[in-house]
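Colleague: I am new to this structure and would welcome a guided discussion of its main features. May I put some questions to you once it is displayed?

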Amino acid sequence: LSDCLACDSCMTPEEGARVFQQNQKELFRVLNLNKKCDTSKHKVLAVSICPQSLPYFAAKFDLSVNDAARRLCGFLKSLGVHYVFDTTIAADFSILESQREFVQRYQQRNQEEHALPMFASACPG
């Protein structure tokens, strides 16, 4: 989140409030609360890891990238995180959806005035 440019182009106010809650302080607050209450009252914690961060951990600890991913996942789960996801799957879905939209717009280019151009971007943060 420290890389976010706060341009407000990608989020509604509701999403912005949720993003604000995603920080280290809030994570540890929820982890500590989960330790103090019974499991039926736990907040479910999910962490997403971008694949670009894994080579850093691998180099720092002299591990393969796959081993670094396994160890990081194990570490997060040992803290109390319930689910750990790789963001690659979300990027793949985004590409597939952009492809589908482009094909649809391209096929409608003669019938619909604003079908093209199609702009797409990813958050620079």
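Colleague: Over the ring of which residue does the charged end of Arg109 sit?

Modeller: This is a predicted model, in which local features need pLDDT of at least 70 and side-chain atom pairs count only at pLDDT 80 or more, while totals for chains, interfaces and linings use all residues. Residues are numbered from 1 along each chain as its sequence is written, and side-chain values use heavy atoms, with hydrogens and water left out. A charge sits over a ring if NZ of Lys or CZ of Arg is within 6 Å of the ring centre and within 35 degrees of the ring normal. The charged end of Arg109 lies 3.9 Å from the centre of the ring in question, which belongs to Tyr106.

Colleague: In what order do the elements of the protein chain run from the N terminus on?

Modeller: Helices (H or I, at least four residues) and strands (E, at least two) are DSSP runs, numbered from the N terminus. The protein chain has 5 helices and 2 strands. From the N terminus on, their order is α-α-β-α-α-β-α.

Colleague: What share of the residues in the protein chain is buried?

Modeller: A residue is buried under 20% relative accessible area, exposed over 50% and partly exposed in between (1.4 Å probe, protein chains only). The protein chain exposes about 10,300 Å², of which carbon and sulfur atoms supply 57%. Among its 125 residues, the buried share is 11%.

Colleague: Leaving aside its neighbours within four places in sequence, with which residues is Leu72 in contact?

Modeller: Contact means heavy atoms within 4.5 Å. Leu72 belongs to the largest nonpolar core. With neighbours within four places in sequence left aside, the contacts of Leu72 are Ile49, Leu54 and Phe57.

Colleague: What kind of aromatic pair do Tyr56 and Phe57 form?

Modeller: Rings of Phe, Tyr and Trp (its six-membered ring) pair if their centres lie within 6.5 Å; planes under 30 degrees apart count as stacked, over 60 as edge-to-face and the rest as tilted. By this rule there are 3 aromatic pairs. For Tyr56 and Phe57, the centres are 5.4 Å apart and the planes stand at 70°, so the pair is edge-to-face.

Colleague: How far apart are the N and O atoms in the salt bridge of Asp67 and Arg71?

Modeller: A salt bridge is a side-chain nitrogen of Lys or Arg within 4 Å of a carboxyl oxygen of Asp or Glu. Asp67 and Arg71 are 4 residues apart in helix H4, about one helical turn, and Arg71 is exposed, with a relative accessible area of 52%. The N to O distance of their salt bridge is 3.3 Å.

Definitions and conventions
Accessible areas come from the Shrake-Rupley method with a 1.4 Å probe; for residues, only the protein chains shown count as cover. A nonpolar core is a set of buried Ala, Val, Leu, Ile, Met, Phe, Trp, Tyr and Cys residues joined through side-chain atoms within 4.5 Å.
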